[in-house]
Amino acid sequence: MTTPAPRPALRKAADAHVHPADPSGSHRLRPAGQTPAPPAEPIPAPAPTVPAVPAPRRLSGPLNGITSDSLRAAGRRGRRRADDGKLVELTVKLPKSLRKEFRAALKAQDRQADDVLAALVRAWLDR
Amino acid sequence: MGIVAHGRLPGMAMLAVISLKGGVGKTSVALGLAATAWAAGHRTLVVDLDPQANATAALDPEAYEFTTNDVLADGRLGIAEDAIVASRWGPGIDVIAGERALEHRAHAEGPDSALRLRTTLSGALDRYHTVLIDCPPSLGELTRNALAAAPAALIVTEPSYFALQGAEQALEAVEVARAATNLGLRPAGVVVNRVRRSSEHAYRLEELRRAYPELVLEPPIPDRTAMAAAQGAAVPITSLRAPGAQDLTRRFATLAGHIEEALS
């Protein structure tokens with residue numbers, strides 16, 4: 001009868017030093033006792049993207065915003081021209097009913113047609 | 001404790017101590033029974049299959065290199081012998097330590113994955129009268145290994161609604177494991193642990209007794225600070241002289257006797 005070869009001693013498991021919370025230590029993907037795969041390259045942080053330069057919001061004039069608040073903020077006494085440049089005339093044609101409604105709203109809200117229309121045109125250009 | 005199991009020492013008891021709910025004191029019961037068996041002169045081994053390794057900390061083995069994680073990763077017949085170390089409780093009680101990395105073994109790794117503990121313990125337990133396997137509080141591959149290796153499963157619960165459900169699920173798991181991997185497996189009983197004097201606990205305890213009249217083991221184990229003190233000092237509960245510890249010692253001795261009767 002031959003003497004059986006001595007049994008190799010127990011060794012530490014290949015993943016004994018891998019923290020269970022480390023995904024590279026998962027054994028569902030490989031047989032036990034196999035050397036764990038090297039940790040995957042960490043996913044690089046996304047390069048900071050250069051945000052598209054938004055059109056500058058014009059805050060210098062009281063009526064250059066596009067919200068109703070900015071329109072409301074401009075009272076008669078604090079009113080300034082929508083633009084510091086030279087004021088020019090712009091002739092437009094509107095339906096008579098719309099002009100009537102517009103005038104009534106200007107009176108009720110103590111607004112000037114020039115200021116409101118300049119703000120609307122600016123908002124339309126900046127949209 | 002005494003049953004003939006897997007052809008080892010006559011009278012050897014091997015129990016998988018399980019609970020599918022955490023925090024019921026499963027490890028405390030395993031340690032209490034280990035202390036009782038050891039104090040009775042039985043050579044005792046605790047196999048720590050819980051990645052939290054609380055049983056290992058309480059048994060406080062001297063320097064050790066290998067754990068149940070290494071044993072299960074290796075998987076060779078009888079290799080668990082190499083991982084057995086002496087507990088500092090004293091001569092006659094040993095441990096196969098657990099460790100956090102056991103989480104890596106909590107998933108199936110091939111067709112014989114659930115049989116690794118049984119294979120590795122084969123031939124390594126000949127000198128023990130009592131073997132207790134402390135399982136994690138879940139039904140993963142570690143618990144499946146314990147249920148495939150042990151001839152009996154001891155279910156630990158506490159008198160609460162959720163724990164009741166956990167006990168029911170644990171009993172189902174024992175049935176499934178018996179059919180799948182271990183035809184000799186049977187429930188050793190249900191230990192009700194951490195019982196306090198409250199109407200809710202009294203109600204749930206009675207509910208358990210009604211649901212499992214033949215499985216609930218007496219006496220229930222009260223929630224006592226002596227248990228935490230023993231674990232914190234890494235000493236067996238049987239070595240403490242405080243009245244609470246003495247009461248627990250008596251209860252665990254009675255419980256061990258009832259487990260022996262249940263399995264005989």
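**Note on the predicted two-chain model**

1. A:Lys12, B:Asp70 and B:Glu99 are joined in a network of salt bridges, a salt bridge being a side-chain nitrogen of Lys or Arg within 4 Å of a carboxyl oxygen of Asp or Glu. One of these links is between B:Glu99 and A:Lys12, with 3.7 Å from N to O. Across the interface of chain A and chain B the rule finds 3 salt bridges, and over all chains the count comes to 20.

2. This is a predicted model, in which local features need pLDDT of at least 70 and side-chain atom pairs count only at pLDDT 80 or more, while totals for chains, interfaces and linings use all residues. Residues are numbered from 1 along each chain as its sequence is written, chains are lettered from A and ligands numbered from 1 in the order in which they are written, and side-chain values use heavy atoms, with hydrogens and water left out.

3. The interface may be described by its contacts and its area. Contact, meaning heavy atoms within 4.5 Å, involves 17 residues of chain A and 23 residues of chain B. The two chains bury about 1700 Å² between them, with 54% of it on carbon and sulfur atoms; buried area is the accessible area (1.4 Å probe) that two parts lose on being put together, summed over both. On the side of chain A, the residues that lose the most area to chain B are A:Arg7, A:Leu10 and A:Lys12, together 40% of what that side buries.

4. Chain B contains 9 helices and 8 strands; helices (H or I, at least four residues) and strands (E, at least two) are DSSP runs, numbered from the N terminus. Of its 264 residues, 59% are buried, where buried means under 20% relative accessible area, exposed over 50%, and partly exposed in between (1.4 Å probe, protein chains only). Among contacts in chain B between residues at least 6 apart in sequence, 80% join residues at least 24 apart.

5. Helix 5 (residues 141-149) of chain B has 8 of its 9 residues buried, so the helix is largely enclosed by the rest of the structure. The cover over its buried residues includes strand 1 (13-18), helix 3 (68-74), helix 4 (116-121), strand 5 (130-134), strand 6 (152-157) and helix 6 (161-180) of chain B. B:Glu141 is buried at 4% relative accessibility, whereas B:Arg144 is partly exposed at 35%.

6. Two further salt bridges in chain B deserve mention. B:Glu81 meets B:Arg127 with the closest N and O atoms 2.9 Å apart. This pair links distant parts of the chain, 46 residues apart: B:Glu81 is in the loop between helix 3 and strand 3, and B:Arg127 in the loop between helix 4 and strand 5. By contrast, B:Glu200 and B:Arg204, whose side chains meet at 2.8 Å, N to O, both lie in helix 7 of chain B, 4 residues apart, about one turn of the helix.

7. Over all chains there are 2 aromatic pairs. In one of them, B:Trp38 and B:Trp89 have ring centres 6.2 Å apart and planes at 45°, so the pair is tilted. Rings of Phe, Tyr and Trp (its six-membered ring) pair if their centres lie within 6.5 Å; planes under 30 degrees apart count as stacked, over 60 as edge-to-face and the rest as tilted. B:Trp38 belongs to helix 1 (residues 26-39) and B:Trp89 to the loop between strand 3 (84-86) and strand 4 (93-96) of chain B, 51 residues apart. Both B:Trp38 and B:Trp89 are buried. B:Tyr161 and B:Phe162 form a tilted pair, 5.8 Å centre to centre with 55° between the planes; B:Tyr161 is partly exposed at 46% relative accessibility, and B:Phe162 is exposed at 57%.

8. The peptide bond from B:Glu218 to B:Pro219 is cis, with omega near 0°, and B:Pro219 lies in the loop between strand 8 (216-217) and helix 8 (225-232) of chain B. A:Asp110, although not a glycine, has a positive phi of about 55°; A:Asp110 follows helix 2 of chain A.
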